[in-house]
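Let's take a walk through this structure, one piece at a time. Have it open beside you as you read.

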Amino acid sequence: MSQQISTSAGKSRRPVSSFRFSQDAIERMLNFASPVILLLIWEICARLGWIDVRFFPAPSKIFDQLMILAKSGQLWIHFAASMQRLFWGFLFGGIPALILGVSMGLSRTLRMLVEPVISATYPVPKSAILPLVLLIFGLGESSKIFMVGIGIFYPIVINSMAGVLEINKIHFDVSRNFGASRWQVFRTVALPGAMPLILTGVRLGIGLGLVLISLAEIVGAKSGLGFMMWNAWEILSVETMYVGLLVIAILGIAFSQAITELERYIVPWKHGR
Amino acid sequence: MAQAPAAAPLALNEEAGLSMSDTMTLAAADTKIRLRGLSKTFYTKSGAFTALEPMNLDIPTGCFFMIVGPSGCGKTTLLRILAGLEKQTDGTLEIAAPPKDCPSNSMVFQGDSLFPWMTVFENAAYGLRMRNRPAGEIKDTVGHYLQRTGLSRFHNSYPHQLSGGMRQRVSIARAFANDPDILLMDEPFSALDEQNKILLQEELLRIWEETRKTVMFITHSVDEAVTLGDRIMIMTAHPGRSKLIVDVPFERPRKVLELRARPEYGELVYSIWGHLRDEVQRARAQDEGQAK
């Protein structure tokens, strides 16, 4: 650690760099500290009886419940069910969206043909079509997968198209001049060029997918984190509800972090500018 | 031009993206490019815009052909038609069939044309990869041209990590590595400072001496035209047409700075400037007229 500081200071010959290093550390600590402080205040308030523990049980109680559910294996069953639906929904919604979106960016005709449909259906709240989806797909897995898929479809299709349209025209001229086929243009220009925006779409899509899977599981499922929370309401186990919320929140953070890592790996040319 | 064989041009036409009736294969080996009455008009909402007036031109094989003209005279349009990126409105374009396994042309574009998502090596290898050449050949050929342009150390860098001059060198390496029959260069050095420009001109001449391919090179610098070219076409202000074609008598191989020190060099630059000045002034008058 000390060596790192001395080399960086030696390079720029500015003592400022070591000062900035500690500033970074302070910022990181603040990031971590704010939720911890919030939880502490919550815990204290709950113990002193300043808040109604029927609605806001102490964090320590929620944590206890988490351990109980984890040990009994219940939490994992629901967690796995939700993850599976997310995975398939992501696959069935995301991949067609990616192909369609990039193709729409490449082909004016296809764009003219499909864009009105997408613009018209995009503003419909996805939660509002749940009854219809349940009617069509029944109470089985497919209705849940469809809901996730539809949530992920829109952000990815729209971002993929926008990503291709943002590519400088000169790059398409280059690929044409060098004799690239349609598929080669797709693979070497459109897809990598649109990738930064596509990943933004994936990020948004996963967030929406988490919202929709919880909702779909509340209404028509016998497993999953959404079902677990709904079931907890019925048996008045408020702590279990909070466990569900906590797990979903952690999932959201984990996915977001994973995409940040993925970006570093897939679009290295966008970093270090 | 009508006696061109009917079957041969197919491959070339596909390459250039032009229809058969407008591009034909030259039979004669000593002429690489032949234009007859080639013109281009753009039709926009505000009306028709003539970029190129009918032009006749013959470019011999192995010629380093320079085009100078005021900005907006249709130089780039002409090059884009040759590259197959644009189609002429009228007239014929004949390009000699390239040797087997050799693409008809490769272009060095004006400005930043490297793919930001590819490394220097991947950028330079682009043409060969699109033609599905074996990996070993790609490695050797690209390695050779990266070495010739002094970029070997940077083969894993991304374009944003390079300076403007280095990026332009990658762009030149990309065109040369594709081993095309004709090289098209659209003001490749215009964005560079004077020192880099001279170094790159020398580099270009050195690499070109290895193969002596036919080159079409657009520039707005008379100095550059006289330094590099065998023949210079001066174009008129808009609408563009050929005003005058001048032969450059200097022997090859050339050394840029030594050439520029010679009195004949100055005389030639001066006389070409005399022809070009009127056109530049006309182009400026047109711009001012539009501004009003």
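Before we talk about partners, a quick rule: two strands pair if DSSP finds at least two bridges between them. Keep in mind that this is a predicted model.

Start with chain B. In β9(B), B:M233 is the bridge partner of B:I67. That link belongs to the pairing of β4 with β9 of chain B, which runs in the parallel sense over 4 bridges. Zoom out and you'll find 6 strands in an open sheet of chain B, ordered β6-β7-β8-β4-β9-β10, with mixed pairing. β6 and β10 of chain B sit at the edges with a single partner strand each, so one side of each has no neighbour in the sheet. From one strand to the next, the twist averages 15 degrees. Helix α2 of chain B packs on this sheet, and its direction makes about 155 degrees with that of β8(B).

| Strand | Residues |
|---|---|
| β4(B) | 64-68 |
| β6(B) | 105-108 |
| β7(B) | 182-186 |
| β8(B) | 214-219 |
| β9(B) | 231-235 |

Now hop over to chain A. How do the axes of α3(A) and α11(A) cross? They come within 9 Å and cross at roughly 80 degrees. Angles of 65 to 115 degrees count as roughly perpendicular, and α3(A) and α11(A) are therefore roughly perpendicular to each other. Among the residues making this contact are A:L66 of α3(A) and A:V243 of α11(A). The contact residues divide into 6 nonpolar, 2 polar and 2 charged.

Finally, the chains meet: 15 residues of chain A are in contact with 19 of chain B. On the chain A side, α8(A) gives the largest share, 6 residues.

Conventions:
Residues numbered from 1 in each chain as written. Chains lettered and ligands numbered in written order. Predicted model: local features only at pLDDT ≥ 70, side-chain atom pairs only at ≥ 80, totals over all residues. Axes fitted to C-alpha atoms, helices over the stretch in contact; angles between N-to-C directions. Helix = DSSP H or I, 4+ residues; strand = E, 2+ residues; numbered from the N terminus. Parallel < 35°, antiparallel > 145°, perpendicular 65-115°, else oblique. Contact = placed C-beta atoms within 7 Å. Nonpolar A, V, L, I, M, F, W, Y, C, P; charged D, E, K, R; others polar.
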